[in-house]
Each structure stands twice: as structure tokens, then as C-alpha cells.
Amino acid sequence: MLGAKIGGVDFVADPLVIDVVESWRCWLADERRASPHTVSAYLRDLSAFFAFLTLHMSRPVTLAGLEGLQTSDFRSYLARRAAENCAKTSTARAVSVLRGFFRHLEREELLSNGAVRSLRSPRLPHAVPRPLTLAQAGEVMTAAANGAAGSSQALWLARRDTAVLLLLYGSGLRIGEALGLDGRDATGGDVLLVRGKGGKERGVPLLPLVNQAIDDYRATCPYELAPGGPLFVGVRGGRLGARTVQAGMARLRSALGLPSSATPHALRHSFATHLLADGGDLRAIQELLGHASLTSTMR
């Protein structure tokens with residue numbers, strides 16, 4: 001038996017279990033094309049379940065032990081999460097992770113456990129995103145261009161932040177999609193090819209204002225923006241991270257007196273809401289946002 005630590009969680013397991021976890025990780029990354037963040041979160045959830053089993057069953061985790069788990073064992077795990085006041089959204093993901101992992105075990109013909117199929121995710125409230133008003137969106141863009149996201153901000157940083165935020169609001173990109181762009185992706189054309197969730201690509205229109213913002217940023221950026229390198233970079237020249245954009249938006253919220261719901265992601269929802277209010281077709285907006293489900297767009 002081996003002591004293992006995945007995602008910062010300790011547990012004891014048979015080496016075969018460690019091997020199959022690695023197999024599942026590779027499947028998530030290579031076949032599902034899940035992001036590194038998603039893979040890391042899934043592994044943390046799975047290792048937390050294994051840590052629970054180590055104590056609950058008073059023995060290391062084995063494939064035979066996983067196959068023999070009963071509905072009561074899974075319910076005990078959910079009860080433990082409830083006692084620890086885990087958020088419903090977190091528990092819903094944990095249940096999804098367990099189902100996915102056991103499906104992988106079944107695909108690999110290692111074991112089959114019918115009890116896991118009886119698990120029910122907690123009911124989640126369908127929170128409706130709160131978009132910014134047209135006036136608020138305009139204030140955010142103006143303030144970003146004026147450097148209000150940081151008093152000591154250099155001109156190129158203000159232009160960088162403006163270009164990023166305009167991609168979210170002017171083209172409806174997810175923050176990860178915008179920051180994942182490389183130099184070769186922004187050609188100055190009126191259509192931008194974006195790699196979305198699951199590696200799916202879609203073309204989104206670029207307004208002249210957005211193209212100009214990207215050009216202005218490029219003209220003042222002190223780093224060489226190679227075609228194969230990141231389009232948006234941080235102060236040290238590496239790919240810009242989402243937390244930097246989120247922190248900048250938080251400062252803008254404070255400066256403009258906007259609600260806490262005014263996040264970078266809210267700009268994407270504002271893009272969709274304002275298009276719809278202006279007579280946009282729901283199906284067309286779905287394609288622009290890269291939603292697999294029309295229900296997501298309707299929300």
C-alpha cells in the first residue's frame with residue numbers, strides 16, 4: 001500500500017488505484033480537453049473522497065473496496081460534507097466527479113459499481129447573472145482606458161486592460177478565452193477565431209473599436225509579442241492571468257461605486273443581454289457565446 005497525496009489531500013491506497021487515477025487524469029486532459037484548473041479541481045475532489053474512505057472503512061483504498069461500496073457509504077460521504085458546511089455547488093461537483101471516475105473504471109473494465117448511480121446532486125438555485133447597464137459598461141471602459149484600475153499604472157497596462165475588457169463586453173468572450181489568445185490570433189480582421197470550452201473553436205465578430213484597442217495595446221507594450229506567444233502579458237512578460245484582470249475590475253468597481261456583481265464575467269453577460277435587448281436573435285447569441293445549450297443562453 002502507498003501513502004498518496006493528490007491536490008494536497010493525503011490518503012492511503014493500493015498502487016493500482018494510483019495508476020487508474022493517473023489514467024483518468026490523462027483522459028480528462030487529453031480526451032475531454034479539460035482545462036488544467038478543472039483537472040486539478042476534479043483530482044482534489046476525488047482525493048478528498050479517498051481520504052474519507054480511508055477513515056470510514058478503516059483500510060486503504062483498493063479497487064475491490066471501491067467495487068464493494070454501498071449506497072450507505074456514499075451517503076455517509078455526503079453527510080460528512082454537509083456536516084463540514086460544504087457549499088451545495090461544491091458538493092454537486094464532488095458528486096459529478098465520483099460518477100465520472102466510476103464511469104472511467106467501468107470503461108476500462110476494472111470494476112462496476114451500481115450504487116454510485118443512486119447518488120443525487122443537491123438542488124442548486126438557478127442564479128440569474130446580473131449584467132451591467134449600458135451606462136455602467138461605458139463607465140468601466142472609460143475608467144480602464146484612463147488607468148483607474150491602478151493609480152501607478154503605465155500607459156501600456158491601461159491599454160492592455162481596456163483591450164481585454166472590450167473583448168469580454170464587445171465580443172462576449174470568456175475571460176479564459178481572451179487571455180488564452182496568442183499573438184497570431186489577433187490579425188486585425190473583423191472575425192476572431194476563439195478556442196472555447198472543450199477545445200471547440202468559433203468565430204466571433206470584432207468591432208473596429210475592439211481591434212483599435214488591441215492595436216493601441218500592442219503599440220505600447222514593452223515586450224515582444226511573438227505570433228506563437230501570449231497576446232496579453234503581465235508586468236514580467238508572461239501570459240496575463242485571470243486574477244490580475246479580476247483584481248483590476250475590483251478596483252474599478254470601487255472607483256465607480258458599482259455592485260459586487262460587476263465582475264469580468266458580468267461583462268460577457270452584459271454583451272449578451274444588451275444584444276438581446278437590441279433585437280438580437282437568441283440562436284445567434286448562443287453561437288457568439290459558444291454555449292452548447294440554448295438554456296444557458298436563455299438564462
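1. The model is predicted, so local features need pLDDT of at least 70 and side-chain atom pairs pLDDT 80 or more, whereas totals for chains, interfaces and linings use all residues. Residues are numbered from 1 along each chain as its sequence is written, and side-chain values use heavy atoms, with hydrogens and water left out.

2. The whole structure contains 11 aromatic pairs (ring centres of Phe, Tyr and Trp, the last by its six-membered ring, within 6.5 Å; planes under 30 degrees apart are stacked, over 60 edge-to-face, the rest tilted). Trp-24 and Tyr-42 make a stacked pair, with 6.4 Å between centres and 15° between planes. This pair joins helix H1 (residues 15-31), which holds Trp-24, to helix H2 (residues 36-56), which holds Tyr-42, across 18 residues. Helices (H or I, at least four residues) and strands (E, at least two) are DSSP runs numbered from the N terminus.

3. Trp-24 is buried, because its relative accessibility is 1%. With Phe-101 it forms an edge-to-face pair, since the centres are 5.4 Å apart and the planes lie at 75°. Phe-101 belongs to helix H5 (residues 88-107), so the contact with Trp-24 of H1 ties together parts 77 residues apart in sequence. Trp-24, Tyr-42 and Phe-101 belong to one aromatic cluster, which also includes Phe-74 and Tyr-77.

4. Two arginines lie over tryptophan rings. The charged end of Arg-107 is 4.1 Å from the ring centre of Trp-27, and Arg-160 is 5.7 Å from that of Trp-156 (the criterion is NZ of Lys or CZ of Arg within 6 Å of the ring centre and within 35 degrees of the ring normal).

5. In helix H4 (residues 71-83), Asp-73, Phe-74, Tyr-77, Leu-78 and Arg-81 are buried. They line one face of H4, because they fall within an arc of 140° seen down its axis (taken from the directions from the helix axis to the C-beta atoms). On the other side, Arg-75, Ala-82 and Ala-83 are exposed. Asn-85, which follows H4, has a positive phi, near 60°.

6. Strands E3 (residues 191-195) and E4 are antiparallel and joined by five bridges (strands pair if DSSP finds at least two bridges between them). Leu-193 has Gly-203 of E4 as its bridge partner. In E4 (residues 201-205), Arg-202 and Val-204 form the covered face, and Glu-201, Gly-203 and Pro-205 the uncovered one.

Note on methods:
Buried < 20%, exposed > 50% of the residue type's maximum accessible area, 1.4 Å probe, protein only. Expected span 1.5 Å × (residues − 1).
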